[in-house]
Each structure stands twice: as C-alpha cells, then as structure tokens.
Amino acid sequence: MDHLTPQQRHKNMAAIRNKNTKPEMIVRKGLWKRGFRYRLNHKRLPGHPDLVLRKYRTCIFINGCFWHGHLVESNTMESSVCCKIPTTNHDFWVAKIRRNKDRDKEEQRKLAEMGWHCITVWECELKSSKREDTLESIAFTLNHIYLQDHSLNRPYEQQEEETGMLMAAEELY
Ligand SMILES: [Zn+2]
C-alpha cells in the first residue's frame, strides 16, 4: 500500500468502505420499506449489533462471509464456498477466523442472556437473486418473534393475519 499516493489511497479506502457498508444498507432499506424501525450500531450492547429493533427485542448482525467464516465448521476449519481460507499464512487466517467465530458466538450468548433475540444475515444471502427472499424471511422472523414474546398462541392462519396488521400499524409511527 505504501507506493500509493495519498489520493490513490483515499480512493482505495473509500471503495473498501463503500463495499463494506453495502450489505448493511440493503438490510436497512429493505426493513424500513417493510415498516420496521431500528437503531444503528448500538454501542452498549455486546458485539455492537448493526441494527437493534427494541420493539422486537432483536439484534441483527450483518456478517461478511469471509471474516465470520460462513459455513466453516469450527472443529475442522476447512474452507467453504463462502469462505476460502488463504493457503498463504493458512494458520494465521484459520486462527483469525476461528477467533471471530468464537467471539460472535460468545456475544450472541450474552445477548440471549439479556433477553435479546439475534438474527445473523450473511452477505451471500443479499446477492440480488436472493435479496428479496432474505428480506421477506427476516420480516417473517421478526413478526414471529413479536408474536411469541407476546405469547399470542393462535392458529397459524390467524397469526398470518396478525402479521399483516402489525406491519400496517408499524407504519403509522
Ligand atoms: Zn455466505
């Protein structure tokens, strides 16, 4: 990186930053459009969740497949379709990704203890072909969580109606 001019470096950094924030923006826009409201990067919660939906007692983490070792088993740490662990400095990367995975698990355990639900959204689930399905399923999960937390044990069809009503109500405020 040292051979870059400051302008080049700035351009590079900006590109990296934009690339990193894109998946988060997809989730934010998708949920907002569906009537969900959230807070960003909650500093006081373990793991600084990307989105926090207080009404749903839910934290959402939007994870990069490489850094968080998507589909990598903790015991074997073999590369997956989502996370190709480099062969150069292999042990370094294995240790790093394993640490990240352990940390994610630990933070979600703490959040669960505090009564929060956690949803992990993987970068690969936000590819344009899968995006809408993923957002729909997050919305479904959130409504399901809400109904469970308010112990509305109604038949399934009725719950679906309820879900529609909830989303409409959410848009009012
Ligand atoms: Zn993935």
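Met77 is found in the loop between β3 and α2. Helices here are DSSP runs of H or I of at least four residues, strands are runs of E of at least two, and both are numbered from the N terminus. Met77 has a positive phi, near 50 degrees, and is a residue other than glycine. Its relative accessible area is 5%, so Met77 is buried. Buried means under 20% relative accessible area, exposed means over 50%, and partly exposed is in between, with a 1.4 Å probe and protein chains only.

Now Arg57. Its phi is positive too, about 45 degrees, and Arg57 is not a glycine. Arg57 sits in the loop between β2 and β3. With 31% relative accessibility, Arg57 counts as partly exposed.

A word on the source. This is a predicted model, where local features need pLDDT of at least 70, side-chain atom pairs count only at pLDDT 80 or more, and totals for chains, interfaces and linings use all residues. Residues are numbered from 1 along each chain as its sequence is written, and side-chain values use heavy atoms, with hydrogens and water left out.

Next, the overall layout. The protein chain has four helices and four strands. Along the sequence the pattern reads α-β-β-β-α-β-α-α. Of the 173 residues in the protein chain, 37% count as buried. Take the contacts with a separation of 6 or more: residues 24 or more positions apart account for 53% of them. Contact means heavy atoms within 4.5 Å.

On to the sheet. Four strands form an open sheet, in the order β1-β2-β3-β4, with mixed pairing. Two strands pair if DSSP finds at least two bridges between them. β1 (39–40) and β4 stand at the edges with a single partner strand each, so one side of each has no neighbour in the sheet. β1 and β2 run antiparallel and are joined by two bridges. Arg39 stands opposite Val52 in β2.

Which helices pack on the sheet? Helix α2 (residues 90–113) does, touching β3 and β4, and its direction makes about 170 degrees with that of β3. α3 packs on the sheet as well, touching β2, β3 and β4, and its direction makes about 175 degrees with that of β4. For these angles, axes are lines fitted to C-alpha atoms, for helices over the stretch in contact, and the angles run from 0 to 180 degrees between N-to-C directions.

Now the core. A nonpolar core is a set of buried Ala, Val, Leu, Ile, Met, Phe, Trp, Tyr and Cys residues joined through side-chain atoms within 4.5 Å. The largest has 18 residues, and Val27, Leu31, Ile60, Val121, Ile138 and Leu142 touch the most other members. The elements giving two or more residues to this core are α1 (6–33), β2 (51–53), β3 (58–63), β4 (117–122) and α3 (131–149). α3 gives the most, with five residues. Apart from this core lies another, of seven residues, including Met77 and Trp93.

Ile60 touches Leu31, Pro49, Asp50, Leu51, Leu53, Ile119, Val121 and Ile138, leaving out residues up to four places away in sequence. Ile119 lies in strand β4. Ile119 has 11% relative accessibility and counts as buried. Ile119 and Ile60 are 59 residues apart in sequence, yet 4.8 Å apart in space, C-alpha to C-alpha. Leu142 lies in helix α3. At 0% relative accessibility, Leu142 counts as buried.

Last stop, the metal. What coordinates the zinc ion? Cys65 (SG), His70 (ND1), Cys82 (SG) and Cys124 (SG) do, at 2.0 to 2.4 Å. Donors are N, O and S atoms within 2.8 Å of the metal (3.2 Å for Na, K and Ca), and water is not among the atoms, so sites may look incomplete. The angles between the four donor atoms are 102 to 122 degrees, which makes the arrangement tetrahedral. For four donors, tetrahedral requires all angles to lie between 85 and 135 degrees. The donor spacing in sequence is C-x4-H-x11-C-x41-C. His70, in the loop between β3 and α2, and Cys124, in the loop between β4 and α3, are 54 residues apart and link distant parts of the chain. His70 counts as buried at 10% relative accessibility. Cys124 is buried too, at 14% relative accessible area.

How values were computed: Tetrahedral: all angles 85-135°; square planar, octahedral: opposite > 155°, others 65-115°.
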